[in-house]
Amino acid sequence: MIERLLAGVVSQRGITDAWLVEKDGFVLYSKQSANSQPASHAVQDWLALARNASEVQTVTLVQEQGFVLLRTLQIGVLILKAQRETNLGSLRIALNKLSADEANMDA
């Protein structure tokens, strides 16, 4: 069910890695390139940033090789790593649709 819910986002062109992490740090879903597991302290930093944002915001971190996007969902925090060439507008639209789909599942 989680794979189906996230499919529209993680299949976006340029997404190299995706993790859905519960608030306690337990990984519910992961899709990653070979050898791309981030250090645990980086994940904790990302989760802290996501907690400081409202639930309707997407936090975008600009890095040397691309972007890290953080989105708080009802089931956890979605962490996405994207290449520089990724269409961020299209990705944000997909994230908004994901949030709406998740809300409709609970209704």
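Helices (H or I, at least four residues) and strands (E, at least two) are DSSP runs, numbered from the N terminus. The close-ups come from a predicted model, in which local features need pLDDT of at least 70 and side-chain atom pairs count only at pLDDT 80 or more, while totals for chains, interfaces and linings use all residues. Residue numbers start from 1 along each chain as its sequence is written, and side-chain values use heavy atoms, with hydrogens and water left out.

**View 1. Lys97 and Asp101 meet in a salt bridge.** Here a salt bridge is a side-chain nitrogen of Lys or Arg within 4 Å of a carboxyl oxygen of Asp or Glu. The structure holds 1 of these, and the N to O distance between Lys97 and Asp101 is 2.9 Å. Both residues sit in helix α3 (residues 88–106), 4 residues apart, or about one turn of the helix. Lys97 counts as exposed because its relative accessibility is 52%, and Asp101 is partly exposed at 28%; the cut-offs are under 20% relative accessible area for buried, over 50% for exposed and in between for partly exposed (1.4 Å probe, protein chains only).

**View 2. Glu102 is buried without a salt bridge.** Glu102 is also found in helix α3. Its nearest side chain of opposite charge is Arg71, 7.8 Å away (Lys and Arg count as positive, Asp and Glu as negative; His and the chain ends are not counted). A polar atom of the Glu102 side chain lies 3.0 Å from the backbone nitrogen of Gln74. Leaving out residues up to four places away in sequence, Glu102 touches Leu5, Leu73, Gln74 and Ile75, with contact meaning heavy atoms within 4.5 Å.

View 3. Asp17 lies in strand β1 (residues 15–21).

**View 4. Leu70 is buried in strand β4.** The strand covers residues 66–72, and Leu70 counts as buried because its relative accessible area is 1%. Beyond its neighbours within four places in sequence, Leu70 has contacts that include Trp46, Leu49, Val59 and Ile79.

Definitions and conventions:
Polar contact = N/O pair within 3.5 Å; in protein donor to acceptor, adjacent residues only side chain to side chain.
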